[in-house]
Amino acid sequence: MKILIIEDDLTVAGYISKGLEESGHTPDVANDGKQGLLLATTNSYDVIVLDRMLPHIDGITILNTIRDSGDNTPAVILSAKNKVEDKVKGLRSGAADYMTKPFAFEELLARIEIVASRQSGAVPSVTEIVLGELKLDLINRQVTRNGTIIDLQSKEFKLLEYLLKNKGKIVTRTMLLEKVWEYNFDPQTNVIDVHISRLRNKIDKGFSYPIIETIRGAGYLVSEPKT
């Protein structure tokens, strides 16, 4: 997806932009309201992520302006303003969602994908994930490969579930720390390496091809088996 980020905090904007790029999306960044409105009205985007408090033109004005022009691009407000009345004002101005700071990138990514799917009319409803001969039953929390039941610990199941839900995409260390371990920082441990190794021993050992691929310097990838 092509996503516009309108955020005057350079650190936050860079963090979101990097995460979106790692997730396979194409971000544009504007660091003030004037630039953001210009990009929003002269380019086509799948989703807009914007702060409320911006230099020159505030986020609510940007939303009102693009809605008045007939542009229905879904927008996610990301703001430190966390009172109920702030959220209500943002949603009534045309935002599809409202998140407060501080935030986890993984949650923001999920919300972006959800509002984009609503716009396209897609209604995701997943009870199992299948990748080749591997099947993940999300209701019974059971994993099988080629009909063989594989016993996974809770964290291993959550790790595999996240990788499979992002099949075809490179999953970074940051994303795994946030989603699986719920860390918003890097604890500088080998916890991911240890769990990936254990998971590989259980789902790959003795089977015809590996499920998890390491992408050097980037992260991990699972994809449909090559025929």
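**View A. Polar contacts between domain 1 and domain 2 in the predicted model.** Six residue pairs, both members at pLDDT 80 or more, are in polar contact between domain 1 and domain 2. On the side of domain 1 that touches domain 2, helices α1 (10-22) and α5 (105-120) each supply at least two residues. The greatest contribution to this side comes from α5, with four residues. Classified by residue type, this side of domain 1 comprises four nonpolar, one polar and three charged residues.

**View B. The salt bridge between K169 and E113.** The side chains of K169 and E113 form a salt bridge, with an N to O distance of 3.4 Å. Between domain 1 and domain 2, the count of salt bridges is one.

**View C. Residues in contact and area buried between the two domains.** Eight residues of domain 1 are in contact with eight residues of domain 2. The size of an interface is often expressed as the accessible area lost when the parts come together. About 710 Å² is buried between domain 1 and domain 2, and carbon and sulfur atoms account for 47% of this area. Of the area that domain 1 buries against domain 2, 62% is supplied by E22, S23 and E106, more than by any other three residues.

Notes: Residues numbered from 1 in each chain as written. Predicted model: local features only at pLDDT ≥ 70, side-chain atom pairs only at ≥ 80, totals over all residues. Heavy atoms only, no water. Contact = heavy atoms within 4.5 Å. Buried area = accessible area lost by both parts, 1.4 Å probe. Salt bridge = Lys/Arg side-chain N within 4 Å of Asp/Glu carboxyl O. Polar contact = N/O pair within 3.5 Å; in protein donor to acceptor, adjacent residues only side chain to side chain. Nonpolar A, V, L, I, M, F, W, Y, C, P; charged D, E, K, R; others polar.
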